[in-house]
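Please take a moment with the sequence and the model before reading on. The paragraphs below then lead through a few selected places.

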Amino acid sequence: MTFKEQIQQGIPTILPPKATYDLAINHAPKRKEILSAEEKKLALKNALRYFDAKHHAELIQEFSEELETYGRIYMYRFRPEYRMYARPIDEYPGKSLQAKAIMHMIQNNLDYAVAQHPHELITYGGNGAVFQNWAQYLLTMQYLSEMTDEQTLTMYSGHPMGLFPSHAEAPRVVVTNGMVIPNYSKPDDWEKMNALGVSQYGQMTAGSYMYIGPQGIVHGTTITVLNGFRKIKQNPEGNLFVTSGLGGMSGAQPKAGNIAGCITVCAEVNPKITKIRHEQGWINEIVTSTDELVKRVLTAKANKEVVSIAYLGNVVDVWECFDKENIKIDLGSDQTSLHNPWAGGYYPVGISFEEANEMMANNPELFKEKVQESLRRQAKAINQHTAKGTYFFDYGNAFLLEASRAGADVMAENNIDFKYPSYVQDIMGPMCFDYGFGPFRWVCTSGKPEDLQKTDTIASQVLEEMAQTAPNEIQQQMQDNIKWIKGAQENKLVVGSQARILYADAEGRIKIAEAFNQPIAK
């Protein structure tokens, strides 16, 4: 079958062969056992509803094994054999150009180069899902290939609820994820509903099909690092930024540090994602011991290098080691996925990555204790550095929240506020968001790099023209954006679709979009 035919068939009438578990892929960790015996039966019923009854006898055993082995039913058997990537829009079947564009975006979210756990349909953040299982993917792509511009597809937590009559000006797809009653929204409630197959956490851009790889956050991270150094009245050159995480969002940090012009040390415990980010050019070097890291950082400081260094290990070791060796950290933060602390978002110090994954699944209470112990240690080390002059900020990942819940010393004297600011509160708010500047994205669904380059040129021309009459209070933002877009090609930001992000205010967005429309119309 051709690619188009496979999309149009949806769930195949003849079952494909059982899939082998590919050990080369960066898989999601096993989720903890949380369902009762009766709830497991319900999870299996929910999974089987997608299939003809004649297949249930064969599939129920397989889905039961998946639930026991991985804590979820992913339906690996139905994962397509074709390569998963954002194809040029004319390669998708369909009657609606808008629907084809959405297929382009969905496949980008599941591209091996983009997704954190592609076989589990998770794009970033440890649990940011596009779909809950592969049957949902197949059905959604089929619906998109069939719909017209007089229809709207309604989605709930990855589950396509059907095509409904609408009109050309209506949304082609309406998406909701994780619509949970607040009284039943604790972490274990969510884990249970996800295991049952009735709800998923879509993050911001995973379950809404808008993710554009780590580039999607790198501009904001670059501005954050630049303005962080400006705030402490330091030049980035030869100075040190320490943080953690090389996932879908956090993986932007080393590249942002390079663009800002500092030394970046970013700790990551997962060897597979570290290797991927290095191969993609988002980090310059990998080191595996704190002794080696200390030597490399001292050399970089002496030579005033612009370099990003991934430490394959736990960030707590970095903070403690640099304190012991008296290495000055100028900027410090953390981008581990602490919105998801008990299911792979944060790994405890002193335990190997493999041991931690095993403990997470089989002894979750001990894993939680170890995580909270690590948070206390990390906060203590950060406090020792800030006493020496380090500027530390929370990156909106719930680090300070979870550290406080663990009993770490992170509260202000009034015992209401945190002793450290968030990046929104202290950096991006007063320097960007307060003036209306925020992320503006576009995707060239042609898949042509030369089209993206044309958009960069157009956006740069628009911004330079706007800068001539812009008020003094936003001149810094305008110049940062012009520098960003002019360096976009050189900085090789694309991972996956031919997409770009640029911080802009309302006037900038409108003028850039209008300027794009002119060559498109021709």
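Which backbone nitrogen does the side chain of Q151 reach? The side chain of Q151 reaches the backbone nitrogen of T148, at 3.0 Å. The model is predicted, with local features needing pLDDT of at least 70 and side-chain atom pairs counting only at pLDDT 80 or more, while totals for chains, interfaces and linings use all residues. Residues are numbered from 1 along each chain as its sequence is written, and side-chain values use heavy atoms, with hydrogens and water left out.

Q151 lies in strand β3 (residues 151–156), where strands (E, at least two residues) and helices (H or I, at least four) are DSSP runs numbered from the N terminus. Because its relative accessibility is 22%, Q151 counts as partly exposed; buried means under 20% relative accessible area, exposed over 50%, and partly exposed in between (1.4 Å probe, protein chains only).

Strand β13 (residues 499–504) is largely enclosed by the rest of the structure, because six of its six residues are buried. From β13, A499, I501 and Y503 point one way, whereas R500, L502 and A504 point the other way.

The structure also holds 23 salt bridges, each a side-chain nitrogen of Lys or Arg within 4 Å of a carboxyl oxygen of Asp or Glu. One of them joins the side chains of K486 and E464 (2.6 Å, N to O). Since K486 lies in helix α17 (residues 475–486) and E464 in helix α16 (residues 449–467), this pair ties together parts that are 22 residues apart in sequence. K486 counts as exposed, at 52% relative accessibility, whereas E464, at 32%, counts as partly exposed.

Note on methods
A polar contact is a pair of N or O atoms within 3.5 Å; within protein, one must be able to donate a hydrogen and the other to accept it, and residues adjacent in sequence count only if both atoms are side-chain atoms.
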